[in-house]
Amino acid sequence: MNKFLQLLYDEHEVIVEAIEALKKAGSLIGKDNEAYSGIVKRLITFFREYADKYHHYKEEEILFPEMMRKNEMLATGIVKEMFDNHGDFREMTAGIIKLLDDKEYTRAHQQAEFYAESLLGHIAAENEEVFQIAADIFDDIELERISSRFEDCDRELGNERKSELSLIASRLHKEIKL
């Protein structure tokens, strides 16, 4: 498998661990609402930075445009859907933060659950469709060029910060007591 595709799959695994922590955090509602709010806000920071700033950014700025250049039909199909999902996720995380700030913990968690399920569906579509299309439409030279651009992007955004963020999900998952 090409390096950039493996990187995307690996990033998805980190994001799924954060999703699991987000779902697990719901067990704190009614027992320790402030702890719930703090954990979810830290997870939202993770989703905004790791999932959006690193992962979605590479897709939106590199992978998807390259795919659409190879096949214009993708621009109105699955790639457009993925772009739209990314925008929806940004709105959902903002909504969750607003509900937490308003101390509406149950509603915040309902929105968080919806966000989590939507993100899991998005990840499945990318893993099973988008990344397979990318593997099929690009030759080895194109795949290597995209890989290099991905590496440059992570380096520019900050490899150290990305590594720090990747630890947040597992730490928070362990921190939440059922």
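**View 1. Phe83 is partly exposed**. Its relative accessible area is 27%, where partly exposed lies between buried (under 20% relative accessible area) and exposed (over 50%), using a 1.4 Å probe and protein chains only. Phe64 counts as buried, at 0% relative accessibility. The model is predicted: local features need pLDDT of at least 70, side-chain atom pairs count only at pLDDT 80 or more, and totals for chains, interfaces and linings use all residues. Residues are numbered from 1 along each chain as its sequence is written, and side-chain values use heavy atoms, without hydrogens or water.

**View 2. Phe4 and Phe150 form an aromatic pair**. Rings of Phe, Tyr and Trp (its six-membered ring) pair if their centres lie within 6.5 Å; planes under 30 degrees apart are stacked, over 60 edge-to-face, the rest tilted. This pair is edge-to-face, at 5.1 Å centre to centre and 65 degrees between the planes. Phe4 lies in helix α1 and Phe150 in helix α5, so the pair ties together parts 146 residues apart in sequence. Helices are DSSP runs (H or I, at least four residues), numbered from the N terminus. Both Phe4 and Phe150 are buried.

**View 3. Phe64 and Phe83 pair edge-to-face**. Their ring centres are 5.2 Å apart, with planes at 70 degrees. Phe64 sits in helix α2 (residues 33–70) and Phe83 in helix α3 (residues 78–101).

**View 4. Ile15 and its contacts**. Contact means heavy atoms within 4.5 Å. Leaving aside neighbours within four places in sequence, Ile15 touches Phe46, Phe47, Tyr50, Ala51, His55, Leu119 and Ile123. Phe46, Phe47 and Tyr50 are among the members of one aromatic cluster, which also includes Phe89 and Tyr115.

Conventions. Helices (H or I, at least four residues) and strands (E, at least two) are DSSP runs, numbered from the N terminus.
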